[in-house]
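Notebook open, model loaded. I'm jotting down what I look up as I go.

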Amino acid sequence: MAKPVAIEVYNPNGKYRVVSTKPMPGTRWINLLIDQGCRVEICHLKKTILSVEDIIDLIGNKCDGVIGQLTEDWGETLFSALSKAGGKAFSNMAVGYNNVDVEAANKYKIAVGNTPGVLTETTAELAASLSLAAARRIVEADGFMRAGLYEGWLPHLFVGNLLKGQTVGVIGAGRIGSAYARMMVEGFKMNLIYYDLYQSTRLEKFVTAYGQFLKANGEQPVTWKRASSMEEVLREADLISLHPILDKTTYHLVNKERLAIMKKEAILVNCSRGPVIDEAALVDHLRENPMFRVGLDVFEEEPFMKPGLADMKNAVVVPHIASASKWTREGMATLAALNVLGRIKGYPIWQDPNRVDPFLNENASPPAASPSIVNSKALGLPVSKL
């Protein structure tokens, strides 16, 4: 197999060698590494997903750290290769790290970074966008117009769902789920029902306060309810957005049986992880219930969709772009680079990986810390006192 040859090099005489498996947005991340004495090598190999062999070739015999992508298989083989090359750190340019065998990283004393704290609003906005697109059949209507089929206004032309006054259901009320809930409640005066293992007190207080504001101004107040089960959300909500983590307990969280208890005209949105939905069962449900709609940013076997999904007019599908705002993607690149740099330099770990503004301020030097190392406790790494 031919080795990757499309490599862009910055600061070739740098003391530390840091490899990025993909070009990443912005230049600040490159400059921050260069300023700290790193030689930065960026792979421009024209493959969407690099193989393990490709990445081993990139690591070579001397490599201090790697910035990679969530599409890559970071397991025993790659961590062994990085360790042999003298590497100390790997960081995903992503908040998720399902592609990483953290136990293998621990075995080889490799710090694993991720990039939380910078994707919350952007991801929530995409979930809200998919909600609106599905509710108002925007993609269908756009295709209709572009095909030259519009001949004039008709009473039944692309009739969709009104969101105001309906119930939005959120499964997983963490940072992103709560941000999405606030957008839908405040933006469209929707009532909220949510399910989470932990009570979301801040979200409840927000909805309560907004409800009081509406009532004081002579409007119908919004309400909230913490469901006792996920099934309760699925039965009661008109619009459901999924925001769980992906693990053994959430694989195929939404399956044939749970789809069956949802309202026939409900809308289901997923910007979390593809495998939380049984995609084959979803295709069958969409086919059998034409007024049921979905908005999907992630898929069970990316980059592929299950057979039939692309043919469903009641599905809005986009290619994993929840974090794809300029500010967020450039911030993710910066945080990933600083995770690697921090470990190379022996910096401590930032005390709160969800409060990353000090690292993203372009008018000041970032703190001398790694923003987020997921296995810091396993490796016994100190926490910053800054």
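**Entry 1: D238**

Which backbone nitrogen lies 2.8 Å from a polar atom of the side chain of D238? I looked it up, and it belongs to T167.

Before going on, I noted that this is a predicted model, where local features need pLDDT of at least 70, side-chain atom pairs count only at pLDDT 80 or more, and totals for chains, interfaces and linings use all residues. Residues are numbered from 1 along each chain as its sequence is written, and side-chain values use heavy atoms, with hydrogens and water left out.

D238 sits in the loop between α9 (230-236) and β10 (239-242). Helices (H or I, at least four residues) and strands (E, at least two) are DSSP runs, numbered from the N terminus. I also found a polar contact of 2.9 Å between the side chains of D238 and K263. A polar contact is a pair of N or O atoms within 3.5 Å; within protein, one must be able to donate a hydrogen and the other to accept it, and residues adjacent in sequence count only if both atoms are side-chain atoms.

Is D238 buried or exposed? D238 counts as buried because its relative accessible area is 19%; the cut-offs are under 20% for buried, over 50% for exposed, and partly exposed in between (1.4 Å probe, protein chains only). Leaving out residues up to four places away in sequence, D238 touches Q166, T167, K263, E265, A266 and I267. Contact here means heavy atoms within 4.5 Å.

**Entry 2: H156**

Next I checked H156, in the loop between α6 (138-146) and β7 (167-171). H156 is exposed because its relative accessible area is 72%. I also compared positions: H156 and R175 are 19 residues apart in sequence, and their C-alpha atoms are 39 Å apart in space.

**Entry 3: strand β5**

I then followed β5 (residues 89-92), which is covered on both faces. A89 and S91 are buried on one side, and F90 and N92 are buried on the other.

What does β5 pair with? Strand β4 (residues 65-68) runs parallel to β5, joined by four bridges. Pairing needs at least two bridges found by DSSP between the strands. N92 of β5 is the bridge partner of G68. β5 also pairs in the parallel sense with β6 (residues 111-113), over three bridges, and here F90 has V112 as its partner.

I traced the connections too. β4, helix α3 (residues 76-84) and β5 form a right-handed β-α-β unit, and so do β5, helix α4 (residues 102-107) and β6. Right-handed means that, with the strands pointing away from the viewer, the path from the first strand over the helix to the second runs clockwise.

**Entry 4: the cores**

Last, I looked at the largest nonpolar core, with 34 residues. Such a core is a set of buried Ala, Val, Leu, Ile, Met, Phe, Trp, Tyr and Cys residues joined through side-chain atoms within 4.5 Å. V18, W29, L33, C38, I67 and F359 touch the most other members. Its largest share, nine residues, comes from α12. A second, separate core has 32 residues, including L163, V170, M184 and V207.
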